[in-house]
Protein chains: 2
Amino acid sequence: MTATIRDVAKLAEVSIATVSRVLNSKGYVGLETKKKIEEAIKLLNYEPNEVARSLTVKKTKTVALFVPDITNPFFSTLAKGAEDYANSKGFTLILCNYEKMGGRKKLYVDLLKQKYVDGIIFAAGALNPEDALKIRQSKIPMVVLDRVPEMEIECEILVDNYEGAKKAVKHLVEIGCKKIAHIYGPQEISTARQRLRAYEDAVKNLPWYTPSLLAPGNFSIEGGMEATKKLLHDHPDLDAIFAGNDMNAIGALKVLYRKGIRVPEKVAVCGFDGIKLTEITTPEITTVVQPTYEIGKLAAENLIHYIEHSFFREKLIKLDATLVVRESTQKLERNDET
Amino acid sequence: MTATIRDVAKLAEVSIATVSRVLNSKGYVGLETKKKIEEAIKLLNYEPNEVARSLTVKKTKTVALFVPDITNPFFSTLAKGAEDYANSKGFTLILCNYEKMGGRKKLYVDLLKQKYVDGIIFAAGALNPEDALKIRQSKIPMVVLDRVPEMEIECEILVDNYEGAKKAVKHLVEIGCKKIAHIYGPQEISTARQRLRAYEDAVKNLPWYTPSLLAPGNFSIEGGMEATKKLLHDHPDLDAIFAGNDMNAIGALKVLYRKGIRVPEKVAVCGFDGIKLTEITTPEITTVVQPTYEIGKLAAENLIHYIEHSFFREKLIKLDATLVVRESTQKLERNDET
DNA sequence: CTGAAAGCGCTTACAG
DNA sequence: CTGAAAGCGCTTACAG
């Protein structure tokens, strides 16, 4: 049916070992024989069988990406960054959603190991220590886009969530907000913890601060809506919401709009992540932008570098998040005209 | 290192052939021997090597999903539907973005073939006849979520875009719109063509209709913005926009808002697809909802059924799109109170 | 019911 | 510079 290396060898009148050498440009091959072999390859339209190759070299040029939910724009752009790079290197990317996967997660990793997946990228999210350990034991190289407590990771890519969040809260203070609430994300996720901590550090000594200005938003639109309702109920006079992520901010915006509370005049809103959606809402949302596509790309880049050279180029990559001010916090500042 | 079938055989004091039989629950195996083997497997923590297995059975329990852009919410929820199902069947899903892939597309398919990918799902988008043919020649089974001109596809999943679009335009007419523009999508995509045709059929005999009420929007937010600007320029009196997809509608909304044109009072807006975003904008967008997650799931389901049984359960699956009326077209109807 | 042997399509020392 | 042979870890007829 499809040609094999044996067919090529026969046609070129050489051994399969020699064909293999030219295929992998490895070891010496006479110029003449090389020509003959290349012709045969062309003639037969031969393409090496990657599965057979994988069986002997134990590599598949395949990496897996675990995300909590590909449906979240943050993760889909991350995925795109990773996939684009992987593809450019001849790698193939396996998508794994692990939200509420429960026991499946272990199985998934086992399956990947059985398939000789070369490496795994683990995006931020509930990678708890146990899971991490399990994956670690599988010996599959991984890069992690989140801090995993009490565990040495070979390669992490970390965005400075703390500083990013601090910038956001400071900004809100600077524009004159006097009662800033925070919708926090799942506390098993380190980024959510950092953002919360930055908020607390920034406001704990301010006169108006009270812990009831905190509400959980589960990093989702719905969660953001619930949290906002609760916050407004407890603090009708709040004048700003620092949302744990953009989805929360969008939820907040929605509730505020429904209640007829004007943004930013009455309540300013700031998000985190910098997903594209924040540019299309009305008003557009001020947010702390992460280099999301870049993160995905870097993750793939470092992982593939490891796969090909057996060492990580960088052990820890730190990136900054930058505050992008938009309409949702244009409260007191007015520089429309000069 | 890791245990192989040989280790299991040795420990259980049988041949590897017998181990293979219990592994695949295929062929007769004595109860006693089976027990012994199962114990050995447990003891050694043995897990079969899928790559070796693939080499002989020529199947990998892997499917690929081609999408133009995973970053578009429509495709990410489609991907989730496909991945969830694939995973539930022990399959693994490879993500392929093919937007502007150019020559890469062929290579990608070749690569997948070399890797023994069992099947491909091709989402709507620029699957032009040439590409389709190339893929077809690869003999990899595929399900296509789009109409491919002049080509027999083994399994297609089609949403009735024509009827869906018709419902949308009729709705706009019914609420009293007298000058309805349409932002159309890339005409190499059949769904875009169908939506355009439905619009034309619905309005071509109405007195106000003129072809300049059409503008291309490229199915993107930016494209929707451009188109809207152009339409407003040419027709300051237009009172409704039927956008080719939700991204276009979001773009339209944005431009209208910036220009201070109220939606829906002055201009009604209707989208297509039913991505989640349409629920979070202000106003919420009326749209023609496709069963997106379901489409992804059905695609995976039919493809995997084919892979496992060598025939497609259904050759053609037709689904309906339903109009969901929301704020952006609440122009004349008012049923807040009874 | 079970085993020996061939084979899937490659790569990799090892000789020469 | 090139080839014969072993091996990667399975499955699958074929005997028995």
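Lys230(B) lies in helix H10 of chain B, which spans residues 221-234; helices (H or I, at least four residues) and strands (E, at least two) are DSSP runs, numbered from the N terminus. The structure is a predicted model, in which local features need pLDDT of at least 70 and side-chain atom pairs count only at pLDDT 80 or more, while totals for chains, interfaces and linings use all residues. Residues are numbered from 1 along each chain as its sequence is written, chains are lettered from A and ligands numbered from 1 in the order in which they are written, and side-chain values use heavy atoms, with hydrogens and water left out.

With a relative accessibility of 37%, Lys230(B) counts as partly exposed, a class that falls between buried (under 20% relative accessible area) and exposed (over 50%), as calculated with a 1.4 Å probe on protein chains only. When residues up to four places away in sequence are not counted, Lys230(B) touches Ser212(B), Leu214(B) and Ala215(B), where contact means heavy atoms within 4.5 Å. Pro216(B) is 14 residues from Lys230(B) in sequence, and their C-alpha atoms are 9.8 Å apart in space.

In chain A, His182(A) is part of strand E6, residues 180-184, and at 0% relative accessibility this histidine counts as buried. Apart from neighbours within four places in sequence, the residues in contact with His182(A) include Arg195(A), Tyr199(A), Leu214(A), Leu231(A) and Phe242(A).

Two packed helices are described by the angle between their axes and the distance between the axes. Helix H5 (residues 73-88) and helix H12 (residues 292-309), both of chain B, pack at an angle of about 40 degrees with their axes 7 Å apart. This angle makes H5(B) oblique to H12(B), given that angles under 35 degrees count as roughly parallel, over 145 as roughly antiparallel, 65 to 115 as roughly perpendicular and the rest as oblique. The axes themselves are lines fitted to C-alpha atoms, for helices over the stretch in contact, and angles run from 0 to 180 degrees between N-to-C directions. Among the residues that make the contact are Phe74(B), Leu78(B) and Tyr85(B) of H5(B), together with Tyr293(B), Ala300(B) and Ile304(B) of H12(B).

Chain B can be laid on chain A by a turn of 180 degrees and a shift of 0.0 Å along the axis, with an RMSD of 0.1 Å, which is the relation of a two-fold axis. For this comparison, copies are superposed by least squares on the C-alpha atoms of residues with pLDDT of at least 70 in both. Of the residues of chain B, Ile94(B) comes closest to the rotation axis, at 2.2 Å (C-alpha).
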